[in-house]
Amino acid sequence: MDNPVTPRDAGRPGPRRRDRHGRGMRGPVAPPQVPLAASRGEVFADLVQDSVERLERRWPQLADIDFLVLDVPRLDGPGERWNDEAVPLGGTVPSREGRRGRVVVYRRPVEIRTKGRDERAALVHEVVVEQVAELLGLTPETVDPRYGED
């Protein structure tokens, strides 16, 4: 008598409140603020950003440079090769004609060469320092006095 579900309402499509086993709908495995929810690319981009923020305190002109993370380096032409046997970890694009300078860090080559988060953070910082030094025409030791220290 007081049943709110009538046979007509039961057949209508709508949002499911429960799955076929009578349990509630599944939600995300972890909430967004937990590190588990961050992808490897996002964690890597955070490492690059941390390194850039460390350097910007000493070099305010870095605000005029874009820092990018790409998965792998790409060759511009079909017959081109890198200068040496090693895959590059980063690269630079100098500023010209109203375009800002860029520093690029390649995620996969850096990840392959490191085992843990701390080692990865150290290598990311070294790559960022080397690329900023190349872009500014300075030595890496001038950009970061702690460059090369373990």
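**A guided tour of cavity, helix and pocket**

Visitor: Which residues line the largest cavity?
Guide: This is a predicted model, where local features need pLDDT of at least 70, side-chain atom pairs count only at pLDDT 80 or more, and totals for chains, interfaces and linings use all residues. A cavity is a set of points on a 1 Å grid over the protein atoms alone where a 1.4 Å probe fits but cannot get out, and lining residues have an atom within 4 Å of a point. The residues that line the largest cavity are Val 93, Pro 94, Arg 96, Arg 99, Arg 100 and Arg 102.

Visitor: What volume does the largest cavity have?
Guide: The structure holds 1 cavity of 30 Å³ or more. Volume here is the space filled by probe spheres set on the grid points, which are joined across faces, edges and corners. For the largest cavity, that comes to about 30 Å³.

Visitor: In what order do the elements of the protein run?
Guide: Residues are numbered from 1 along each chain as its sequence is written, and side-chain values use heavy atoms, with hydrogens and water left out. The protein has 5 helices and 3 strands, taken from DSSP runs (helices H or I, at least four residues; strands E, at least two) and numbered from the N terminus. Starting at the N terminus, the order is α-α-β-β-β-α-α-α.

Visitor: How far apart are the end C-alpha atoms of helix H4?
Guide: Helix H4 covers residues 117-136, which makes 20 residues. The expected span is 1.5 Å times one less than the number of residues, so H4 should span 28 Å. The model agrees, as the end C-alpha atoms of H4 are apart by 28 Å.

Visitor: Which elements cover the buried residues of H4?
Guide: Among the buried residues of H4 are Arg 120, Leu 123, Val 124 and Ala 133. Their cover is judged by contact, meaning heavy atoms within 4.5 Å. It includes helix H2 (40-56), strand E1 (65-70), strand E2 (90-93), strand E3 (101-106), helix H3 (107-113) and helix H5 (140-143).

Visitor: Is His 125 buried or exposed?
Guide: His 125 lies in helix H4. Leaving aside neighbours within four places in sequence, His 125 is in contact with Ser 51, Arg 54, Leu 55 and Asp 144. Its relative accessible area is 9%, and the cut-offs are under 20% for buried, over 50% for exposed and partly exposed in between (1.4 Å probe, protein chains only). So His 125 is buried.

Visitor: Which helix gives the most to the lining of the second largest pocket?
Guide: A pocket is an open set of points with protein on both sides within 12 Å along at least five of seven lines. The second largest pocket has a volume of about 300 Å³, and of its 15 lining residues, the closest to its centre are Arg 54, Ala 122, His 125, Arg 146 and Glu 149. H2 and H4 each supply at least two residues of the lining. With 5 residues, the helix that gives the most is H4.

Visitor: What is the relative accessible area of Glu 97?
Guide: Glu 97 lies in the loop between E2 and E3. Its phi is near 45 degrees, a positive value in a residue other than glycine. Glu 97 is exposed, because its relative accessible area is 82%.
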